[in-house]
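Welcome! Take a look at the sequence and the fold before reading on.

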Amino acid sequence: MSENIAVLGLGLMGTALAETLLAAGHRVTVWNRSSAKADALVAKGATRAATAAEAVAAAPLTIVCVLDYEAARAVLDGADLAGRTVLNLTNGRPAEARATGEWVNGRGGDYLDGGIMAVPYMIGRPGALILYSGPRDVFDRHEATLKPLAEPRHLGEDPGLAPLYDLALLTGMYGQIAGFLEAAALIAAEGRPVREFTETLLVPWLHAMASAQPRWAEDMERGDYATEVSNLEVNRVGLGNLVIAFEEQGVKPDLLLPMKEIVERRVARGHGAEGLPGLIEELR
Ligand code: NDP
């Protein structure tokens, strides 16, 4: 069914969202602080609103996708939100999402928060995922409309959940990128082909290692860190060797050092016989 949807913020991501909704057959009303960014969308059939308030008034659902929450609030300030749904796809923190949810609710509107797990060109294609949080009935009301953007995953009623899980996924990603960068630097320093190493060895190795992590997560939930596989004392010695090897090879181990330090700290506290999942206790 064709819906009218307002999209506020037409940067790279907002433009991809608006284009995909248009392509799915929806009526889309667009607004951007610098209005020229709406031109291409208007040429494709979107309606240009003169102000953000005008865009909000035109549609039951408003998607906001701007730089940060401060900008999102500034954009929505002055719009009549009563009876409207605001879906904030701006990247932010759980506390900001909860505060913005209360702020929208206080103006009579419904609030959903979202975390986009995709880059703009992936929007509307398989592999794109959007995490949603906020009242289930509000999500249900808009789910079909939002489906063309990405696979939707509703995490719960608390609006802070989408940014929480978004940040957790990004954290996993940055950790993995840190390992990739150090490994690539080690291989490159010997003049060995990095691409071949990455494709044939590193990626399969990371997949194999990652597949053990649901079991680690179970250990964390139970608080049971016994291991028969690889204890922290063994890892302490291994990471020590790794760092010395990096120095010998003329490569900086900077991204590995925090891991080495935390393992050393845990072992120094008497937990050398435990497995790696026990390191979570040092992060609490
Ligand atoms: P862009 O830099 O391309 O666009 C930023 C947008 O924010 C523009 O529309 C800009 O307006 C607007 N903006 C900034 N400050 C203000 C303000 N004070 N008042 C009104 N509008 C403002 O960024 P993206 O589109 O890439 O990102 C938008 C959001 O999407 C961010 O929160 C980002 O983290 C998130 N995101 C982006 C991804 C990506 O790969 N690009 C992936 C996942 C999430 P103007 O054009 O007038 O400057």
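## Terms and ground rules

Let's begin with axes: these are lines fitted to C-alpha atoms, for helices over the stretch in contact, and angles run from 0 to 180 degrees between N-to-C directions. Contact, in turn, means heavy atoms within 4.5 Å. Helices (H or I, at least four residues) and strands (E, at least two) are DSSP runs, numbered from the N terminus.

This is a predicted model, in which local features need pLDDT of at least 70 and side-chain atom pairs count only at pLDDT 80 or more, while totals for chains, interfaces and linings use all residues. Residues are numbered from 1 along each chain as its sequence is written, and side-chain values use heavy atoms, with hydrogens and water left out.

## The protein as a whole

The protein has 12 helices and 8 strands. Along the principal axes, its C-alpha atoms fill a box of roughly 65 × 45 × 30 Å. Of the 284 residues, 43% are buried; buried means under 20% relative accessible area, exposed over 50%, and partly exposed in between (1.4 Å probe, protein chains only).

## Two annotated regions

UniProt, in an unreviewed entry, places "domain: 6-phosphogluconate dehydrogenase NADP-binding" at residues 4–151. UniProt positions follow the numbering used here, feature names are shortened, and annotations may be inferred rather than shown by experiment. This span is 38% helix and 23% strand, with its end C-alpha atoms 20 Å apart.

In what order do the 8 strands of the open sheet run? The order is 3-2-1-4-5-6-7-8, and the pairing is mixed. Strand 3 (47–48) and strand 8 (151–154) stand at the edges with a single partner strand each, so one side of each has no neighbour in the sheet. Two strands pair if DSSP finds at least two bridges between them.

Strand 1 and strand 2 pair in the parallel sense over 5 bridges, and N4 has R27 in strand 2 as its bridge partner. Both faces of strand 1 are covered: N4, A6 and L8 are buried on one side, as are I5 and V7 on the other. Helix 7 (residues 161–189) lies across strand 6 (110–117) and strand 7, at about 10° to strand 6.

## Nonpolar cores

A nonpolar core is a set of buried Ala, Val, Leu, Ile, Met, Phe, Trp, Tyr and Cys residues joined through side-chain atoms within 4.5 Å. Which members of the largest core touch the most other members? They are L17, V30 and I63, out of 31 residues. Helix 1 gives the most to this core, with 6 residues.

Leaving out residues up to four places away in sequence, I63 touches partners including I5, V7, L17, L21 and L149. Another core, of 21 residues, lies apart from the largest one, with A6, V56, A79 and A97 among its members.

## A closer look at N91

N91 sits in the loop between strand 5 (85–88) and helix 5 (94–106). Its relative accessible area is 46%, so N91 counts as partly exposed. Beyond its neighbours within four places in sequence, N91 is in contact with L67, D68, Y69 and D166.
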